[in-house]
Amino acid sequence: MKFLRNTLDKIKPHVQKGGKFQKFRSTFDAFETFLYVPDHVTKSGSHIRDGIDLKRAMSVVVIALMPALLFGMWNVGYQHFLAIGQTAGFCELFWYGFLQVLPIIIVSYVVGLGVEFIFAQIRGHEVNEGFLVSGMLIPMIMPVDTPLWMVAVATIFAVIIGKEVFGGTGMNIFNPALLARAFIFFAYPSKISGDFVWVSGLSDSTTKVVDGFSGATPMGLAGQGQFDKIPDFWTMFIGNIPGSIGETSKIAILIGAAILIISGIGSFRIMLSTILGGSAMIYIFNLFAANPYMEISPLVQLSMGGFLFGAVFMATDPVSASQTSTGKIIYGFLIGMIAMLIRVLNPAYPEGMMLAILMMNMFAPLIDYYVVEANIKRRLKRAKLSSIKS
Amino acid sequence: MAQVKNSKLLANPLNLQNPVTVQVLGICSALAVTVQMKPAFVMGLSVTIVTAFSSLIISALRNTIPNRIRIIVQLVVVAALVIIVDQLLKAFLYDVSKQLSVFVGLIITNCILMGRLEAFAMGNKPFPSFIDGIGNGLGYSIILLSIAFVRELLGSGSIWGFKIIPPVFYQLGYENNGLMILPPMAVILIGIIIWIQRSWKKELIEK
């Protein structure tokens, strides 16, 4: 560790203002503050400072994502070997999945960070590692067979249009990772829907697939009306089903949720209210029960598709979510309701979580505004009452 | 009103006074007709003609139009010209006219037209007004064509209806971008054009 510090200190004078390589100052800053907690402090005004800064918070989220990612890698291998009808050991399954998933992660990080660094250099501000989490989230919400160049294009779109035009990390209205997925969803719909994209190797017509293996996700089956084929709750809870890389295992996601809640980085209000909102909507559907889709019980419905993943990792994005406590509850509740509404009632979109979160991202500032206004009004009223009394 | 050179009247709307990217007028037709270049070109041409001639006519009439009913008079002139253009398109360019459908008729409500008539033609001599109309029409067309170029190239892999992306690309896994066909991408493209223009001409950036 001493060696790292020494190298950094050696380079530092060159990239300072007036140094030889001052153009690369933001790049250097990015690496230095990533490796070590920066030593600069706020200079004016009173401030309360936590020991943890943005980069450290991001790392915790990435750690929380690990269980889902590792399970996703194993599941990619498992589904692939299931599809071609061979058996393989645990290590072989995992290794196969690892080799399939790793390129997507690398592309997402290299492209995304590349764009961020270029913008930071041009605009002369420091590189914010807001992309650390987005870069990990993007691969996890893609089908494993997504072509790499599409991941690259979607990442560029998400970082530039989703983040840089609004002023960079912390200024974005929408969740960049979801924007990348939405981009692929609308630009290349054949690569992110249907039965053949979710299992590695299935979209290649030369792959021999075992009879009876469809590769359809639970969402796909429900969309086609094959409700009897939807796996039971425990299968979906454990997660050895086809789906986007990170979304299948509910156990792994819940472990991630526990890490986020215990470390205080993810808002449990948003997670809980999202699930509550989803359940409320399902109960309403159950009451009407106009078609088989509406009759699915809440537990099964909640464990289908990317609902839980979205609720834990996407909706809780501190930048694009509501900031006030009451606002968070309203925000989460509406995400849950809208996601279920789109999922069940709109046949064009098999899963509604992505669109629900993006839509509520848009309304989050509005919710905050009214929560704050209501608070001001309430306190004004109290102030008036007490002044009358005295 | 200060006299402006005729050449300035023609050149300003192309860049510094562009009706779409600077004054943000006529956005809705820019979203609707820019999926392909051909309709976009015809639309731009139609708007240019209508803007130029309505400016000419209104400017010639400007001293006789009673102030209180000037909007109605302007609308009558514009509507007459739009109908002529529409009929001409139907007669000679039926396919494109069908693609443009209602949007030719909607030129009447295009904000660029009323804006130029109110802001320029009502207070200037016929010839400068005519030039001003052409300039603004061209400024509108340029933006329309550049958006349509990107959208057609990336959305359908063609330019002016000709496939220009070689089939080899598709075999290698390239796919047309479906988002380009949808209107939201046109908004984003206009945004990007505005962004580029403002980083190029710094004086356009609002404080």
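Which backbone nitrogen does a side-chain oxygen of N110(B) reach at the start of α7(B)? Keep that in mind as you open this predicted model.

**Stop 1: helix α7 of chain B.** Select N110(B) together with I112(B). A side-chain oxygen of N110(B) comes to within 3.1 Å of the backbone nitrogen of I112(B), at the start of α7(B). Now extend the selection to residues 111-119 of chain B, which make up the helix. Here I112(B), L113(B), M114(B), R116(B) and L117(B) are buried. To see what covers them, show chain B helices α3 (37-61), α4 (70-92) and α8 (126-156), which are among the covering parts.

**Stop 2: a glutamate in chain A.** Next, pick E164(A), in the loop that runs between α6 (148-162) and α7 (176-187) of chain A. Is this residue, E164(A), buried or exposed? Its relative accessibility is 3%, so E164(A) counts as buried. Display its surroundings too: beyond residues up to four places away in sequence, E164(A) touches E116(A), F119(A), R123(A) and V159(A).

**Stop 3: the largest nonpolar core.** Select F309(A), F313(A) and Y331(A), the residues that touch the most other members of this 138-residue core. Then colour helix α3 (residues 54-84) of chain A, which gives the most to the core, with 12 residues. Domain 1 (22-37 + 53-208 + 219-225) and domain 2 (267-383) of chain A both contribute residues, so the core lies between them.

**Stop 4: around Y331(A).** Finally, centre the view on Y331(A). Leaving aside neighbours within four places in sequence, the contacts of Y331(A) include I270(A), A315(A), S322(A), I357(A), M360(A), N361(A) and I367(A).

How values were computed. Residues numbered from 1 in each chain as written. Chains lettered and ligands numbered in written order. Predicted model: local features only at pLDDT ≥ 70, side-chain atom pairs only at ≥ 80, totals over all residues. Heavy atoms only, no water. Buried < 20%, exposed > 50% of the residue type's maximum accessible area, 1.4 Å probe, protein only. Helix = DSSP H or I, 4+ residues; strand = E, 2+ residues; numbered from the N terminus. Contact = heavy atoms within 4.5 Å. Polar contact = N/O pair within 3.5 Å; in protein donor to acceptor, adjacent residues only side chain to side chain. Core = buried A, V, L, I, M, F, W, Y, C linked by side-chain atoms within 4.5 Å. Domains from an automatic or database assignment.
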